[in-house]
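Subject: Structure handover

Hello,

Please find the structure below, with its sequence. My notes come after it.

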Amino acid sequence: MPIHAELRRHAMGRPDKPAVVIDGDPLSYGELHARSQAIYRFFQDLPGTNRRTIDLPGVEKLVALSLGNHLGFAQYFVAATALPNACAVIDPMMPSERIERILERLAPDVLVVDDEANPSAEIGRRLGILVIIAGAEPFDLTALGEDLPDADGIFLIGFTSGTTAEPKAYYRSREQWRRSLDRGRLVFELQNAPSTLCPGALAHGLALYALVEAFDAGATFHSLRKWDAGAVARTLASEEIERLVAVPTHIAGIARAWAGEPALDCLRDVLTAGAKLNLNEVESMRRLFPKARIREYYGASEIGFMTISTLAGGETDFPIDRVGQAYPGVEITIRDPEENNVGVNVPGTIFVNSDLIADGYLWGDDGQAFRVTPAGATVGDLGEIDANGMLRVIGRAGGMMISGGNNVYPAEVESALKTCPGVEEAVVFGLPDAYYGQRIVAVVSGEAIDAKILAEHCVGKLARFKIPRQFYRIGAWPMTSSGKIARGQVQASVISGDGLVLRLSA
């Protein structure tokens, strides 16, 4: 991890300050540093594996963490990312067959899990990998260890879904994250170490980065073992949290759980990512967090931060339909299929030039998403930029629907639907149709139950060919472990008629 020097400084200067709190259980900076040293010493004494086939220059020990949001995650992550180690963070909520394929390919020196019931434990042992149970270590966590060295080179392997079910493995260098943290400290005004709550899974980029930037600033990071909207709201009300980092679906859940209760006015900053906020969501957040500045960023695991915007509470509130202006040190261009710059107010593929871009994939590069060319890097997202440098994201090229010979992007239709009174969230996709090629289908949540009203609302916002031809209502969205809607499961429910969704009549 690229912040070991800062972590040591916080441990020496404020050893009793909580570094991380999970479900109310704290771990101080002094404890975090000391335990990480002991774990690092244990890692260094392990014999190296001779089974690894992937090339990781400069990495001596590869540690895989499948811990979930366990209190031990922080101390193992700190130790596993000190030079010359690297860490692979695996989501224990992934299907077992995916975890097995990842562990087979990685062949880590050691696998750390939260308990014996974790499917990763059985898989690891079957593959001949040393498995450690956090909290039941076969070594002394209080033993004196050596200092945690830091330099350049690979420190993190993460996984992101692509156009197939197989997770892609990307890798990051310490210098990339160090540059990102240095800029973020100023952009997000973290110099005063605001206490931060992020309820997302630490196996995913949003929460993992929030944890690291909290340690970098000397702040206290709060989270929960399992997502519980009511528990998050109670923590926000009782712990004097200053900053919330979450995906919009998590914030919507907090708002529902806290309905009728006093506003949560301790927050001074709310930062969202993972999906575009709409006007209804921003207004709901203004009521829930009346004293908070509301910001969102657009980015990708492979590219890092791309844009930043302030939607409420800033000197100038950004347009709601835009994801903001380029993050410091980032240049954004819109390009056609031949990668020519198309200029302003013309749709095309979003390309980025910056020094925050990942080195690449260890595996899974299908050429359909992240790629780096002389024009820059892209994950295949489509958008347009205006004369003020404001970016609007249209959607992912692979998600485009063709209905009646017209190109339609789900994100544009979803944005229009989410401005309709009574609609909380919307998911749009195409289904095969003998006449149109694909008919556009929308699934919504909230109080809206009349398909005619939903269609009429879209008339003034969308071209007629973009208006959904079928509407469904859902009571509770199936979610991924990262807090995003499981879109594939929603679509499968519409096709199968399994009762998760209800067809709306006009």
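This is a predicted model: local features need pLDDT of at least 70, side-chain atom pairs count only at pLDDT 80 or more; totals for chains, interfaces and linings use all residues.

Cavity. The structure contains one cavity of 30 Å³ or more. The volume of the largest cavity is about 50 Å³. Its lining consists of Phe188, Leu206, Tyr209, Ala210, Glu213, Arg243, Val245, Leu271, Tyr297 and Phe305. Both α7 (205-217) and β11 (243-246) contribute at least two residues each to this lining, and the largest share, four residues, belongs to α7. Sorted by class, the lining of the largest cavity has eight nonpolar and two charged residues, with no polar ones.

Pocket. The second largest pocket has a volume of about 150 Å³. Lining this pocket are Ala255, Trp258, Ala259, Glu261, Pro262, Ala263, Ser284, Arg287 and Leu288. Helix α10 (residues 279-288) provides the largest share of the lining, three residues. Six of the lining residues are nonpolar, one is polar and two are charged.

Helix pair. Helix α8 (residues 229-238) and helix α9 (residues 248-257) have axes that come within 8 Å and cross at roughly 80 degrees. The two helices are therefore roughly perpendicular to each other. On the α8 side, the contact is made by Ala229, Gly230, Val232, Ala233 and Leu236; on the α9 side, by Gly253, Ile254 and Ala257. This contact of α8 with α9 has six nonpolar and two polar residues, and no charged ones.

Regards

Notes: Residues are numbered from 1 along each chain as its sequence is written. Side-chain values use heavy atoms; hydrogens and water are left out. On a 1 Å grid over the protein atoms alone, a cavity is a set of points where a 1.4 Å probe fits but cannot get out, and a pocket is an open set with protein on both sides within 12 Å along at least five of seven lines; lining residues have an atom within 4 Å of a point. Grid points are joined across faces, edges and corners, and a volume is the space filled by probe spheres set on the points. Ala, Val, Leu, Ile, Met, Phe, Trp, Tyr, Cys and Pro count as nonpolar, Asp, Glu, Lys and Arg as charged, and the others, Gly among them, as polar. Axes are lines fitted to C-alpha atoms, for helices over the stretch in contact, and angles run from 0 to 180 degrees between N-to-C directions. Angles under 35 degrees count as roughly parallel, over 145 as roughly antiparallel, 65 to 115 as roughly perpendicular and the rest as oblique. Contact means heavy atoms within 4.5 Å.
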